[in-house]
Amino acid sequence: TVQEVNRRVIHLLDFKNAAAIAGDWTTGFQAAIDDAQLTYARLELFAGEINITDELIISQTNGLSIRGAGQHATIIRISAAGKCGIKGGTALSPGPVASRNKVTIEDLTLVGSAGGNPFTATGSVGTTSHGISMTEWHHYELHRVGIWFFGGNGLNLSESYIGTTDHCHIGGNGGWGVYAGISSSGVGYSNHATTITNSEIQGNQTGGIYVDGSSSFNILNNTIEANTSVGVDLIFASGFTITGNYFETNGAYSIRVGNALSAAGPAVGGTINGNHLENVSAGPVTAGVLLNYAYGVEVSGNFGYRTTTLVSLTANAFNCVVGPNHSTDPVVNLSTDSMTIASGVITSPSILTATWTPVATSLTGTSVAYSARYFRYGSNMTCFITITGTGLASTADTTSLTLPIASGRVSTGVCTGGGSVTTGAVCLVSGSSVILPTIAATTRIDLTFSYSLV
């Protein structure tokens, strides 16, 4: 742009003082920022390590650019514990002069004092020592920025609007990789029109990305991996998108929506699609996607690998659409597609338990284990049953199973897999029980039934 061509350029080396010569660039770096931030200037940094002992403050600007020589070439290392790397802003600052407007930070890495590994959650935990802490930053851009080893959050957002974070690597921090919470000013003063894209969010102690009280929050095409508790924890946002991301080994959930009820209400109007949800080394996770306090959220076109449940919904999720999604169980090499709920209200999908009906010739086998899941939508319910064991076998019309249902009518069921049984074999219904078809010795039987609650 014309503005970029005509922009004043200053160099950090021009602010080299006695302290910098001795190895501490704190005062020189801050002086360079103070000089650049009021004049729409670009501050150029040199390749190599820049050591500081206190946080760098961006107090007010209407156009500041800080550019390093490359994400792995310019390393800003802060040695003091409990300090942010770059910080600026207070809630509800008066007027545009006091806000941080049009800030760009690019091609550098900030390294905190917490220690650890940017690929695994090993850093020590703090509360306020964030890598970059923004309050009331507008039209900000972070390009090719690394944020490692801070005790707090890697990127901490509050009341910051119209921002882009791309091609960044945020890892090994004690808190969240990215934290975008409700401002101290209250509901409605949070983060809007925010995009995180083509970045790596890895190995952060609390979790990958946290979002609350926000709108138009977009998480696109990132790798979100090895964060301790959850990949993305979206408590509240309106009009959000989580698309095309690769998730792996993020605690119990890849994505949680409305895990707790926000002061702003349930999460509303979002899409979760085209994501790869995987947990390899640590075994199956609880769910790829959890919808709790969520209204009008669509979950479709996602792939799950080694997830106990691909999509889990609670009784607090309403008017949500699920499917089609696809998951693979690598243990038995079975694949299943999630069902599609096209409209209406979804209520109380749950994990159930039940017992066998004692009959003279019940299911044979050893180490028999039973599990069932059902989806309830309106007055209809569908139940998915899995039976595992060694040498499982049944004889037609004699092996009976009591269904986990308190009332209602049950239609004829279908056996979708198990030994020599024909896929789609009919299971007869007798009262509140079903009778299995003939099944030769196998290690797993899968059944599907539909219920009517009226």
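Buried here means under 20% relative accessible area, and because Asn191 has a relative accessibility of 0%, this residue counts as buried. The views below are all taken from a predicted model.

View 1. Asn191 is found in the loop between β15 and β16, the latter strand spanning residues 192-197. A polar atom of the Asn191 side chain lies 3.1 Å from the backbone nitrogen of Ser160, and the side chain of Asn191 also reaches the backbone oxygen of Gly181, at 3.5 Å. Leaving aside residues up to four places away in sequence, Asn191 touches Leu157, Ser158, Glu159, Ser160, Tyr161, Ala180, Gly181, Gly213, Ser214, Ser215 and Phe217.

**View 2. The aromatic pair of Trp176 and Tyr210.** A pair of aromatic rings is described by the distance of the centres and the angle of the planes. The count of aromatic pairs comes to five. In the pair formed by Trp176 and Tyr210, the centres are 5.2 Å apart and the planes stand at 50 degrees, an arrangement classed as tilted. Trp176 belongs to strand β15 (residues 176-180) and Tyr210 to strand β18 (residues 207-211), so this pair ties together parts that are 34 residues apart in sequence.

**View 3. The edge-to-face pair of Tyr295 and Phe318.** The ring centres of Tyr295 and Phe318 are 5.6 Å apart and the planes meet at 80 degrees, so the pair is edge-to-face. Because Tyr295 lies in strand β28 (residues 294-300) and Phe318 in strand β31 (residues 317-318), the pair ties together parts that are 23 residues apart in sequence. Tyr295 is partly exposed, with a relative accessible area of 37%, and Phe318, at 30% relative accessibility, likewise counts as partly exposed.

**View 4. Helix α3 and the strands that its buried residues pack against.** Within helix α3, which covers residues 26-36, the buried residues are Thr26, Gly28, Phe29, Gln30, Ala32, Ile33 and Ala36. The buried residues of α3 pack against β1 (9-11), β2 (42-44), β3 (48-52), β4 (56-57), β5 (61-67) and β6 (74-78). Strand β5 is itself mostly covered, with five of its seven residues buried.

**View 5. The pairing of strands β2 and β5.** Strands β2 and β5 pair in the parallel sense, and the pairing runs over three bridges. Glu44 stands opposite Arg67, a residue of β5. In a regular strand the side chains alternate between the two faces of the sheet.

**View 6. Thr442 in strand β43.** Thr442 has its place in strand β43, which comprises residues 439-452. Because its relative accessible area is 15%, Thr442 is buried. Thr442 and Gly365 are 77 residues apart in sequence, whereas their C-alpha atoms are 8.9 Å apart in space.

**View 7. The cysteines Cys84 and Cys320.** Cys84 counts as buried because its relative accessibility is 1%, and Cys320 counts as buried with a relative accessibility of 1%. A disulfide is a covalent bond between the sulfur atoms of two cysteines. A search of the whole structure finds zero disulfides.

Key: Residues numbered from 1 in each chain as written. Predicted model: local features only at pLDDT ≥ 70, side-chain atom pairs only at ≥ 80, totals over all residues. Heavy atoms only, no water. Buried < 20%, exposed > 50% of the residue type's maximum accessible area, 1.4 Å probe, protein only. Helix = DSSP H or I, 4+ residues; strand = E, 2+ residues; numbered from the N terminus. Contact = heavy atoms within 4.5 Å. Pairing = 2+ DSSP bridges. Disulfide = S-S within 2.5 Å. Phe/Tyr/Trp six-rings, centres within 6.5 Å; stacked < 30°, edge-to-face > 60°. Polar contact = N/O pair within 3.5 Å; in protein donor to acceptor, adjacent residues only side chain to side chain.
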